[in-house]
Structure formats: C-alpha cells, structure tokens
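The sequence and the structure come first.

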Amino acid sequence: MMAPNRVSEDRASPPHHLRHTPLQIIHIVANFMRIWSIYSMYRYLSQTGASVVLFLFACLAPASILFLVLQKPWKGRPLSNTQVVPSIINGCITALYLVLWGKGLKSCGPVRAILGEYSGAVLGVLSAVLYGRRSHIWKKIGGLIAMLASLYLLSEGWATATYSPFSWEDRDNSEAQTEPVLGMKQMLVPIFAGILSALRRVLARRISIKNQLKRRLHALTIASATCFMFPIAMWDMIIGSPSDSNGKLPFSAWAFFSTILFGNIVIFYADSIAEERLHMVFSSPRHLAVAGACIIVMEIVYKMDFSLTGFMICCLILGFGIYEATSLERNRKDSIRNSDLSNGEFDDQIQMSPLPT
C-alpha cells in the first residue's frame with residue numbers, strides 16, 4: 001500500500017513534460033539566435049567579401065577567452081594528460097571544422113551549410129559496423145542513403161524557389177535566381193565539416209565523464225582551436241585572395257557580437273543542457289526539427305530564395321535518414337534511461353557510449 005505522503009508528493013510534482021518545458025524553450029531560443037547569427041554572418045561575408053578565416057578567428061579568439069574565464073580549467077581538480085592531450089587534438093579538429101564550415105557557408109548558403117552539419121550522423125553507420133549487431137547494418141545503410149539523397153536534393157536547389165520542382169513562381173524572373181545549382185561536388189565541403197563536427201563531439205564525450213569536467217575541457221578545446229587557427233588566419237591576411245577584399249576585415253557589430261555570443265558560447269551551454277536534461281543530441285530528428293523551424297523563419301525574414309515545400313521534403317528525408325542511422329544508439333540510450341534514471345546515473349553512462357552521434 002502506497003504511503004499517504006508519497007501520494008501527496010506525486011500529486012504535487014508536475015508532469016515530466018511540464019518540468020522540461022522551460023529547458024525546451026531555452027534550447028529553441030538558443031538555436032534560433034545561433035541560426036540568426038549564421039544568417040547575419042552570411043550576409044556580412046557575401047556583401048563585404050571579407051575573409052572567412054579572418055572573420056571566424058576574430059570571433060573565436062574572444063569566445064575562447066570568455067570560455068576560459070567562465071570555466072577556469074586551471075582551478076579545481078587537476079586535469080590529467082589523458083584528458084588534456086585529446087582536448088588539444090580536438091581543438092585541431094574544431095579549427096579544421098570551422099574553416100571548412102565557413103567556406104561552405106559562403107559558397108553554399110546558410111540552408112545547405114546548416115543542414116550539412118547533420119551529415120555527421122554517418123558516424124552512426126560506423127558505430128553499427130564496429131560495435132553494433134549485424135542485423136542493424138542494412139537499416140543503417142538505408143538511413144545513410146536517405147541522408148545522401150536529401151543532401152543531393154539540397155545541392156540541386158530543391159530548397160530554393162528558383163529551382164525547386166514544387167515552386168510555382170516565374171522561373172524567367174532573373175531577380176529571383178539568387179542561388180545557383182551547386183551540385184554534389186560543392187556540397188562535399190559542408191558535408192565534411194558536418195562529419196568533423198560530429199567527430200569533435202564524440203571525442204568530447206569520450207574524454208569527459210562528468211558534466212562540469214566536460215565544460216572545463218571544452219574551454220581548453222576552444223583555446224587550442226584558436227591557436228591552431230591563428231597561423232591560418234595570419235597566412236590568409238598576408239596572402240589573401242582577390243575575393244577577400246585584399247585581406248581587409250570590415251567591422252559589423254551585430255555580425256561579430258552574435259557570432260561570438262550566440263554562435264559559440266550560448267549554443268554550447270544550450271546543447272549541453274539539452275543533452276544532459278532533455279537527452280537530445282545534436283544529430284537527432286528532434287534537433288533537426290528545431291533547426292528547420294528556425295531556418296524557415298529566417299529565410300522569410302531575410303527574403304531569401306526559398307521554397308517551403310522543397311525544404312520540407314529535404315528535411316523529412318534527412319530526418320528519416322538520421323532516425324535510421326542512429327537507431328542502435330537510440331535503443332541503447334533508452335535501455336540505459338529505463339534502468340538507471342532512478343539512480344541518477346544516466347548522464348555519466350550516455351557520454352561513454354561507443355561512437356555516439
């Protein structure tokens with residue numbers, strides 16, 4: 001028989017979904033601000049012709065200082081070499097990811113660059129091959145094919161009003177043709193950037209068990225990424241290219257401020273909260289749904305060459321591919337949650353799963 005005080009406690013506690021509603025709102029707002037910063041960055045780079053590497057380095061350096069001030073990795077329990085060295089290596093991967101992602105943003109546009117980040121879910125296929133059961137491999141391969149099909153349709157301009165087969169606008173209007181058809185070759189840059197982004201998340205989870213330790217190591221990762229990007233930025237500033245305004249970097253307060261604050265700092269804490277409390281990783285259909293809704297709003301606000309129907313079809317195919325590609329990791333996390341959530345051990349074990357996405 002249940003005790004009366006236990007019944008009163010159950011009645012007083014809010015439902016599970018209501019307790020997580022404020023965290024979900026925070027996650028949605030943070031992703032919206034991050035995507036807004038991406039659109040402001042894209043407009044700044046396309047209008048001024050500024051160097052992508054110089055801009056990203058000018059935003060990453062203040063962000064690394066703020067992370068170091070907030071987390072103070074030199075205080076508290078000393079970090080071991082088995083944690084510091086992988087974090088420095090992860091900084092090199094982060095720097096390479098940022099360079100490729102910035103190049104992809106400038107050449108492919110914000111929609112393709114943002115959705116290309118979810119290509120990191122291909123690590124789920126690798127996870128099935130290395131750690132999974134053989135019966136799940138074909139399911140993972142099917143998800144990989146769906147993801148590649150979605151990215152191919154994006155490269156062919158299905159998300160643009162000019163080239164989408166679902167657009168009823170006048171295709172002879174030259175002013176509407178603002179985004180060209182790229183082809184899969186140009187899409188390889190944001191796809192590789194997405195894979196590197198997923199790899200750096202995997203390494204961050206593998207070397208950090210506690211959440212507070214993960215934040216301290218992230219500060220070291222961003223600081224090392226700044227150091228790795230410094231010589232690339234200096235080389236780009238000295239050598240430059242004709243399309244980079246001769247190495248000059250015009251100043252735009254909102255583009256720099258939004259990228260530093262929302263594109264680097266706020267989004268890290270929001271994604272950490274979503275992963276720890278909402279159990280929502282980056283390469284997941286739920287995360288893609290939030291990003292897709294924010295993209296629709298920003299495409300309308302910025303009056304981009306946008307086809308809602310084509311974009312929704314690409315997102316649905318991509319979401320289905322991610323769902324299938326990460327099915328094995330999702331089943332593991334559900335079993336861990338069901339067995340250990342009452343003991344408060346879920347956060348530690350989920351971060352040590354083999355090759356999470």
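Which residue follows α12 with a positive phi? Lys 303 comes after α12, and its phi is positive, near 55 degrees. The model is a predicted one, in which local features need pLDDT of at least 70, side-chain atom pairs count only at pLDDT 80 or more, and totals for chains, interfaces and linings use all residues. Numbering starts from 1 along each chain as its sequence is written, and side-chain values use heavy atoms, with hydrogens and water left out.

**Overall make-up**

The protein has 15 helices and zero strands. Helices (H or I, at least four residues) and strands (E, at least two) are DSSP runs, numbered from the N terminus. Of its 357 residues, 52% count as buried; buried means under 20% relative accessible area, exposed over 50%, and partly exposed in between, with a 1.4 Å probe and protein chains only. Contact means heavy atoms within 4.5 Å. Among contacts with a separation of 6 or more, 84% are between residues 24 or more positions apart.

The expected span of a helix is 1.5 Å times one less than its number of residues. Helix α12 (residues 285–301) has 17 residues and should span 24 Å, which agrees with the 24 Å between its end C-alpha atoms. Its buried residues include His 287, Leu 288, Cys 294 and Glu 299. The buried residues of α12 pack against α3, α6 (110–116), α11 and α13 (308–325).

Helix α5 (residues 81–108) has 28 residues and reaches 39 Å from its first C-alpha to its last, close to the 40 Å expected.

Thr 94 belongs to α5 and is buried, with a relative accessible area of 3%. A polar atom of the Thr 94 side chain lies 2.8 Å from the backbone oxygen of Asn 90. A polar contact is a pair of N or O atoms within 3.5 Å; within protein, one must be able to donate a hydrogen and the other to accept it, and residues adjacent in sequence count only if both atoms are side-chain atoms. Leaving aside neighbours within four places in sequence, Thr 94 is in contact with Arg 200, Thr 221 and Ala 225.

**Aromatic rings**

Rings of Phe, Tyr and Trp (its six-membered ring) pair if their centres lie within 6.5 Å; planes under 30 degrees apart count as stacked, over 60 as edge-to-face and the rest as tilted. By this rule there are 15 aromatic pairs. Two of them are set out here.

| Pair | Type | Centre to centre | Angle between planes |
|---|---|---|---|
| Trp 36 and Trp 254 | tilted | 4.9 Å | 55 degrees |
| Tyr 44 and Phe 256 | edge-to-face | 5.7 Å | 70 degrees |

Trp 36 lies in helix α3 (residues 21–48) and Trp 254 in helix α11 (residues 253–276), so their pair ties together parts that are 218 residues apart in sequence. Tyr 44 lies in α3 and Phe 256 in α11, so this pair ties together parts 212 residues apart in sequence. Trp 36 is partly exposed at 30% relative accessibility, and Trp 254 is partly exposed at 32%. Tyr 44, by contrast, is buried at 5%, and Phe 256 is buried at 9%.

Ring pairs also link Phe 32, Trp 36, Trp 254, Phe 257 and Phe 262 into a cluster.

**Nonpolar core**

In soluble globular proteins, nonpolar side chains tend to be buried together. A nonpolar core is a set of buried Ala, Val, Leu, Ile, Met, Phe, Trp, Tyr and Cys residues joined through side-chain atoms within 4.5 Å. The largest one here has 68 residues, of which Tyr 39, Phe 55, Leu 115, Met 229 and Phe 311 touch the most other members. Helix α4 (residues 52–71) gives the largest share of this core, 10 residues.

**Helix α9**

Met 184 is found in helix α9 and is partly exposed at 25% relative accessibility. Its contacts beyond four places in sequence are Leu 148, Leu 151, Tyr 152, Ser 155 and Ile 191.
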